[in-house]
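Subject: Structure for your review

Dear colleague,

Please find below the structure that I am handing over to you, followed by a summary of what was found in it.

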Amino acid sequence: MAKGLDVGTMNIISAEKGKGDSISFAQQRNAFLEMEAGDLAQNMLDSAKILYTQKDNMINVLGEDAFKFSNVFNKSIRRPMKQGIISPDEKESIPMIKLIIERVLGKPEKEGEIVYISVPASPVDSKVNVLYHSKTVEALAKRFGYQTHLIDEGLAVVFSELGDFNFTGIGISVGAGMTNITVAYLATPVVSFSIARGGDWMDEQVSSATGVANERITQ
Ligand SMILES: Nc1ncnc2c1ncn2[C@@H]1O[C@H](COP(=O)(O)OP(=O)(O)OP(=O)(O)O)[C@@H](O)[C@H]1O
Ligand SMILES: [Mg+2]
């Protein structure tokens, strides 16, 4: 059976069709938290099936647990993506995204199982190039043994929501880092673009207007 993968600035999600019309999702926060190995008992991490990496004395807790631990230990999380694409400011981005993708996507049922990966459209308000991001994410999924296909994020919304309208209309995906928009006619994209702003930008604006810490505003 085919799968879907969405690698977003805040969440990495995979979808798989189950029996009948049911679809099962696996979701992880696209984040990691660096901690000293002494702070955490390693056997506790293993028994709780927490996703982590260890190098020398440092542990990186990944995904949903990074977010939970950051609240408990009052430490800031690091995020591998920014404004919809792999962050150029975070050199550990790719290995972290790779592990989170591996966790949500799982192994292919058979070699060459199909996965459709949503990719952002070029932003109209920034010079960032989405190609490097898209090709990197595709290469990661390929390495796990999947046959990969890329799909425009706004078009994925059209496919998901506009089945009753001959896949004609406008698909909008408002994410944390970006807003993707696609106008489709009979399932064919006519116009597709993004704005390199989304929930993160809104949070920053609220934070600077009210003085409340960004972490407390973000959902
Ligand atoms: N209940 C809520 N009310 C308002 N905003 C919310 C709520 N839940 C989540 N958000 C916001 O939605 C955004 C996350 O959405 P989503 O998971 O779709 O983004 P993403 O796909 O990871 O990012 P992108 O597509 O931009 O790379 C965040 O900015 C988050 O703060
Ligand atoms: Mg998204």
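This is a predicted model: local features need pLDDT of at least 70, side-chain atom pairs count only at pLDDT 80 or more; totals for chains, interfaces and linings use all residues.

The chain as a whole contains seven helices and 13 strands. The C-alpha trace extends over about 55 × 50 × 30 Å along the principal axes. Of the 219 residues, 33% are buried. Among contacts in the chain with a separation of 6 or more, 57% are made by residues 24 or more positions apart.

Two parts of the fold may be of interest to you. One is an open sheet of three antiparallel strands in the order E4-E6-E5. Strands E4 (32–36) and E5 (52–55) each have a single partner strand and stand at the edges, so one side of each has no neighbour in the sheet. From one strand to the next, the twist averages 20 degrees. Strand E6 (residues 58–62) runs antiparallel to E4 and is joined to E4 by five bridges; Glu34 has Asn60 of E6 as its bridge partner.

The other is helix H5 (residues 153–161), in which Glu153, Gly154, Leu155, Ala156, Val157 and Val158 are buried. The elements covering these buried residues include strands E9 (114–119), E10 (147–152), E11 (169–174), E12 (179–185) and E13 (188–195).

Yours sincerely

Conventions:
Residues are numbered from 1 along each chain as its sequence is written. Chains are lettered from A and ligands numbered from 1 in the order in which they are written. Two strands pair if DSSP finds at least two bridges between them. Helices (H or I, at least four residues) and strands (E, at least two) are DSSP runs, numbered from the N terminus. Axes are lines fitted to C-alpha atoms, for helices over the stretch in contact, and angles run from 0 to 180 degrees between N-to-C directions. A residue is buried if 20 or more other C-beta atoms lie within 10 Å of its own, exposed if 12 or fewer, and partly exposed in between; C-beta atoms are placed from the backbone. Two residues are in contact if their C-beta atoms, placed from the backbone, lie within 7 Å.
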